[in-house]
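User: I've got a new model on my screen and would like to talk it through. Can you take my questions one at a time?

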Amino acid sequence: MSKELAQLSISELAPMLREREVSPVELTQSVINRVKALDKEINSYVEYNEEKAVESAKKAEREIINGEYKGALHGIPMALKDILHIKGEKSAFGSKIHKDFISNEDATVVSKLKSTGVVFTGKLNMHEYAWGGTTNNPHFGPTRNPWNLEKIPGGSSGGSGAAVAADLTIASLGTDTGGSIRMPAAACGIVGLKPTHGRVSKSGCFPLSWSLDHIGPMTKTVEDAAILLEYISGYDANDPTTVSVPVDQYTSYLTGDIKGKVIGIEEDYFFHNVDEKIELFVRKAIDQMEAMGAKVEIVKIPSLKYAQFAEMMTCYAEGGTIHAKNIRERPEDFGEDIRLDVKLAQAISSTDYLQAQQVRNMMKREFAKVFEKVDVLLAPMLPILPPDIGDLSANNLGVFSCPANLTGLPAISLPCGMSEGLPVGLQIIGPAFEEGKVLNFAYAYEKTNPLKGMKPPFLMELNKSL
Amino acid sequence: MKSAVSNLLISMGVDVNEEEAILLESRWEELQQLKKDLDQVIPNPADIALRNVVMKEK
């Protein structure tokens, strides 16, 4: 059965749009029709505007017809996590407190996407203020995992994860402070990339934790992640954490050749207390990459023992500061789960916070030493399969994701199999600013087609009626 | 009687009800467990953990 337009990737659609085989209007309508038909089950969008999206698509169509083709993203419908400022539009950040907030300027990444001719379809649900990994939002309702509607899609970019998985957006952007791009990517069976800290400007993105936050692509394929990264990366004077490192042509790294490259495996932390089925799939992925010619080396990173201490203290101290006023003046307006975290955060001492930074420094030195010997590290993304919505065992999902936030190193999650009807995510971590290397390893593995073209079952039925 | 962490939060202007006090105490204990043996690995106090990145006007 041929795919409908909304089910295609950026790299499949771009030449069709460029050559005018497909109109941005029919593509956008294909996406919006799916949102109208399917999203009442999934609840990935907090809002969409069909009229505005079609208007924008018509503008893109006119530009392409007039020979003003802007590149791979021109005419591509995208919805973004509701954490990014869009000029003149509401951005609630998943909260009640900011439910009527309207920004008077675009986030830098939004501005960049606008200049590429992207067609914005709407805003995607998230965990309240990005402070959690379930996207069980008390104000906007829970987003449901398209693979099993009783399960969480991960978080905090759960709306983005679910929407990409269900073809309700061609691609999205998420944010990642302790795994919030990569966890939903793993839970929903898509690709999620957290770039190097400082690679992508966070200007106009509501913060959770300044030194841990990252913005990155959430896509159907590794190639799409590389394409999006090319467009959103770069130094920004409005974000002092961005770094003036040249932006690579990341798609040019995608050869699929990893012969002679070295994969590092750290087992004491990344393979401790992980579901045995998840471990099985990750180890099989490692074997497959060895079969492609890569070598495997066991490495040790002792400071990982304190990764969770460093992550919790940093996130609490920085996030707690951001919400210090509101938790005192209007605590009842926070959702119950994050209200407790924000209150507890107020008790973190400066000693705790600064010792956490010392642990981060140790970790950065140890990772840098490891990367003198290996090209990338491979690890599971989640310790367990996505739990039921409302299940409190969802609390420690970020155990394997936080080291890449603490060190700022680039890390990607992509599917490596299915267990109990749910996707399993593989994590690849690389050296700073070597997103090309990370993407190429992911691209090489992706070619083994771990999900065998499977899509969420309930969508397969509903697709027939669309 | 509320726990030390609840009393600390109240002294900082954060409301804590009885139900929250129990949950906060439990979570606070979990955080303290994460620090176990930390003083044996933290490098000497001179290990610089923060950078003063100077901004220059153009």
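User: Which order do the strands have in the open sheet of eight strands in chain A?

Analyst: Quick housekeeping: this is a predicted model, where local features need pLDDT of at least 70, side-chain atom pairs count only at pLDDT 80 or more, and totals for chains, interfaces and linings use all residues. Residues are numbered from 1 along each chain as its sequence is written, while chains are lettered from A and ligands numbered from 1 in the order in which they are written. Strands here are DSSP runs (E, at least two residues; helices are H or I, at least four), numbered from the N terminus, and two strands pair if DSSP finds at least two bridges between them. With mixed pairing, the order in chain A is β6-β8-β7-β12-β13-β11-β9-β10.

User: Which strands stand at the edges of that sheet?

Analyst: Look for strands with a single partner, because one side of each is then left without a neighbour in the sheet. In chain A those are β6 (172–175) and β10 (295–299).

User: What residue stands opposite L193(A)?

Analyst: Strand β7 (residues 191–194) of chain A pairs with β12 (residues 411–419) of chain A, antiparallel, over three bridges. The residue in β12(A) facing L193(A) is I412(A).

User: What is the order of the open sheet of three strands in chain A?

Analyst: β1 (45–48) and β2 (77–81) of chain A are the edge strands, each pairing on one side only. β1(A) pairs with β3 (residues 119–124) of chain A in the antiparallel sense over three bridges, and E47(A) is opposite K123(A) there. Pairing is mixed, and the order is β1-β3-β2.

User: How are α2(A) and α3(A) arranged relative to each other?

Analyst: Helix α2 (residues 24–42) and helix α3 (residues 50–65) of chain A pack at about 155 degrees with axes 8 Å apart; axes are lines fitted to C-alpha atoms, for helices over the stretch in contact, and angles run from 0 to 180 degrees between N-to-C directions. Angles under 35 degrees count as roughly parallel, over 145 as roughly antiparallel, 65 to 115 as roughly perpendicular and the rest as oblique. So α2(A) and α3(A) are roughly antiparallel.

User: Which residues of α10(A) meet α13(A)?

Analyst: α10(A) and α13(A) pack at about 135 degrees, with 8 Å between their axes, and are therefore oblique to each other. Contact is called when C-beta atoms, placed from the backbone, lie within 7 Å. On the α13(A) side are D352(A), Y353(A), A356(A), V359(A), R360(A) and M363(A). The α10(A) residues are A307(A), F309(A), A310(A), M313(A), T314(A) and A317(A).

User: Which element gives the most to the side of chain A that touches chain B?

Analyst: The contact takes 18 residues from chain A and 23 from chain B. On the chain A side, the elements giving two or more residues are α10 (307–322), α11 (324–329), α12 (336–345) and α13 (350–370). With six residues, the top contributor is α13(A).

User: What is the mean pLDDT of chain B?

Analyst: pLDDT is the predictor's confidence in each residue, from 0 to 100. In chain B, 91% of the residues reach 70 or more, and the model as a whole scores ipTM 0.92 and pTM 0.97. The chain B mean is 85.

Terms used. Two residues are in contact if their C-beta atoms, placed from the backbone, lie within 7 Å.
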